[in-house]
Amino acid sequence: MKSLWWRQIQGILRLEVRKSVLSMRALPLYLLAAIPVTVTFIVVAVSTIVGEPPPEFSGPSGATSLFAILFQLGILRSTLYFAVVWIFMNLFRGEVLDRSLHYYFLSPIRRDVLVAGKFASAWVSVSVVFSVVTIVCFGALHVYFGSAALTNLTGQLFAYLAIVWMACLGYGAIFMVAGLFMRNPVIPAVLIFFWEGGNAFLPGLLKKFSVIFYLQSLFPIDISKGPIEIIAEPVPLWIGIPGFIVFSGLTLLLAGFQIRRMEIHYTDD
Amino acid sequence: MTPASDRLVFDNVSKFYGEVLGINRVDLSIPPGITSLVGPNGSGKTTIMNLMTGLLRPSQGEIRMLGIRPDNPEELFRNVGYCTQFDSFPRGASGQQFLYNYLRVHGHTHADATEMTERAIERVGLTHASTRRVAGYSKGMRQRIKLAQAICHEPAVLILDEPLNGLDPMARAEMIDLFRELSAAGQHIVISSHILHEVDLISDQVILLNEGYVVAEGDIQSVRTEMSGRPLQILVRCDKPRLLASRVFEHESTVEVRIHEDGGGILISTKDADSFLIAFNRMVLDNEIRVASVTPADADVHAVYQYLITQEGEA
């Protein structure tokens, strides 16, 4: 039975990854992914024209700080966030709008296996694209501004990639469920965007109701949010990562429950 | 007698869309063979099909497809294929890719999926166009590829929503032959159609629906016979139509007699077919009339549909 489910998930992955990265639906994903890469190359180009980088970003530690800012503001909290919103919300909602969900519902596949397959395909698609973005931006800044020891950089890069994968997992689970429960998921997407963006200024208890809070412990370098930031003890790594996986699993169970109850109306007949 | 697990069973099933009635208290027990769902738009044909395939859940009652509950897709769709009326396909996919991907989602291996895809495409006569994009297919070709999708895993039950729509006469004849072939192999085939002439040709039994209710069920002849309140029309071909008409008119059960427009027979309406036919034999013998044929003139789906649905709607 497990091997059948695995084959079915592979079948879904084949279709869905293609849909997420090779169809017109992928265009917003690529446009969002292009933003941090473009910003990085503009920074590099401007610095080249000016002749030298700004003093606060010169040298190996400067590149590290610059990338930390770019990653938090230009990738994690903006482009990656909206890419996840776009891809995961459309996993089922997009099929309903395209009127193509029935092809899955007419297959001998458990609907919760379908949820798992679609979630995995979206996770792979966004993770791969933004891992490439992270590597390109990280590499470009460190090559131009100079780099620290290679082992140190490899550790940092891996930490950033882990944040990308975890963020896709956490935000992805939330927005897949939002796409299943809500007719207009744009409103929760915007609300969560501001909630996550303002996380640094929330009281300690409220901070815990956000994805970004649990990613904090993975950041190799933290950036200052200014004098009004409320500092809270970050969650230890050994709680944060398994907690993330459990949270995503529970959210997928909820999505599985909802999809089992879902009906399709073909005509008014 | 077909065992219950070989039937498609609806037990007191109702479906409401909010306040709107889809179907109400439907009891069905469909044996193998070709069964047609007939009724006007909004009568509940597609609702019944969607309930059979678990795309809708009943508001009340229970459904068993060969003993399988429709909310168990893993088992259901190993045994059921559904050709929907809905015309949307994955973007950019060719007919071949469309079927192949569907079979991979079933869990078939590459080799099996490839072989089953080829077989199904050949069966619906689309081999020449299998590598073309579905988006470029004609309406008839799209209908065929949907049919191929429904039969590609060789299900025991085929549910076909308006399967002959958009097909040219040649393709229709081919599809009808295919349905007969599948039915002869013991499959259940449930068809909804507005083309009553074709329904009449291919159905082993019909289910007539109107406004969410089953108004008649069974083979056409027995449905017609059970409509005792309605006069039965009989066409008699004979050598002395005028003489026969005058004799027939004397019988108490006769409602109407008309000379056929070609002058070679008469069209009789009788409210008691059994007693009329006994008396009819006597009339023929006594008057030495040579009778070429006696056939029911309105025992087809169209007539039953007219009586049960159109006239009730007008009443």
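Analyst: Two strands pair if DSSP finds at least two bridges between them. Helices (H or I, at least four residues) and strands (E, at least two) are DSSP runs, numbered from the N terminus. The model here is predicted, so local features need pLDDT of at least 70 and side-chain atom pairs count only at pLDDT 80 or more, while totals for chains, interfaces and linings use all residues. Residues are numbered from 1 along each chain as its sequence is written, with chains lettered from A and ligands numbered from 1 in the order in which they are written.

User: Let me start with a hairpin. How many residues lie between S8(B) and S9(B), and which turn residue has a positive phi?

Analyst: Two residues separate the strands of this hairpin, and Glu211(B) in the turn has a positive phi of about 50 degrees. The strands are S8 (residues 205–210) and S9 (residues 213–218) of chain B, antiparallel and joined by five bridges.

User: Which residue has the positive phi in the hairpin of S1(B) and S2(B)?

Analyst: In that hairpin, Gly18(B) takes a positive phi near 65 degrees, and two residues lie between the strands. S1 is residues 8–17 of chain B. S2 (residues 20–30) pairs with S1(B) in the antiparallel sense, over seven bridges. Phe10(B) has Leu28(B) in S2(B) as its bridge partner.

User: What else does S1(B) pair with?

Analyst: Strand S4 (residues 60–65) of chain B, also antiparallel, through five bridges. Here Ser14(B) stands opposite Gln60(B).

User: How many helices and strands does chain B have? And chain A?

Analyst: Chain B has 11 helices and 13 strands. Chain A has 11 helices and zero strands. Its pattern along the sequence is α-α-α-α-α-α-α-α-α-α-α.

User: Now helix geometry. How far does H2 of chain A reach?

Analyst: Start from the expected span, which is 1.5 Å times one less than the number of residues. H2(A) (residues 27–50) has 24 residues and reaches 34 Å from first C-alpha to last, close to the 34 Å expected. There is a kink at Ile35(A), of about 25 degrees, shortly before the proline Pro36(A). A bend is the angle between axes fitted to the seven residues ending at a residue and the seven starting there. After H2(A) comes Gly51(A), with a positive phi near 110 degrees.

User: What about H11 of chain A?

Analyst: H11(A) covers residues 237–261, and its 25 residues should span 36 Å; the end C-alpha atoms are 36 Å apart, so the two agree.

User: Which residues of H2(A) are buried?

Analyst: Buried means 20 or more other C-beta atoms within 10 Å of the residue's own; 12 or fewer is exposed, and in between is partly exposed, with C-beta atoms placed from the backbone. In H2(A), the buried residues are Leu29(A), Leu32(A), Ala33(A), Pro36(A), Thr40(A) and Val43(A). In H11(A), they are Phe244(A), Ser248(A), Thr251(A), Ala255(A) and Ile259(A).

User: What share of each chain is buried?

Analyst: In chain A, 39% of the 269 residues. In chain B, 42% of the 315 residues.

User: Why does Leu158(B) count as buried?

Analyst: Because Leu158(B) has 24 C-beta neighbours inside 10 Å. Leu158(B) lies in strand S6 (residues 157–161) of chain B. Contact means C-beta atoms, placed from the backbone, within 7 Å. Neighbours within four places aside, the contacts of Leu158(B) are Gly81(B), Ala150(B), Ile151(B), Leu182(B), Gln187(B), His188(B) and Ile189(B).

User: Which residues touch the most other members of the largest nonpolar core?

Analyst: A nonpolar core is a set of buried Ala, Val, Leu, Ile, Met, Phe, Trp, Tyr and Cys residues joined through C-beta atoms within 7 Å. The largest has 134 residues; Ala83(A), Val84(A), Ala167(A), Phe175(A) and Ala148(B) touch the most other members. Not counting residues up to four places away, Ala83(A) touches Leu29(A), Leu32(A), Ala33(A), Val126(A) and Phe130(A). A second, separate core of 12 residues includes Leu232(B), Leu244(B), Ile268(B) and Phe280(B).

User: Last, the interface. How many residues does each chain give to the contact?

Analyst: Chain B gives 28 and chain A gives 27. On the side of chain B that touches chain A, helices H1 (45–52), H2 (73–79) and H3 (95–106) of chain B each supply at least two residues. The largest share, five residues, comes from H3(B).

Methods:
Two residues are in contact if their C-beta atoms, placed from the backbone, lie within 7 Å.
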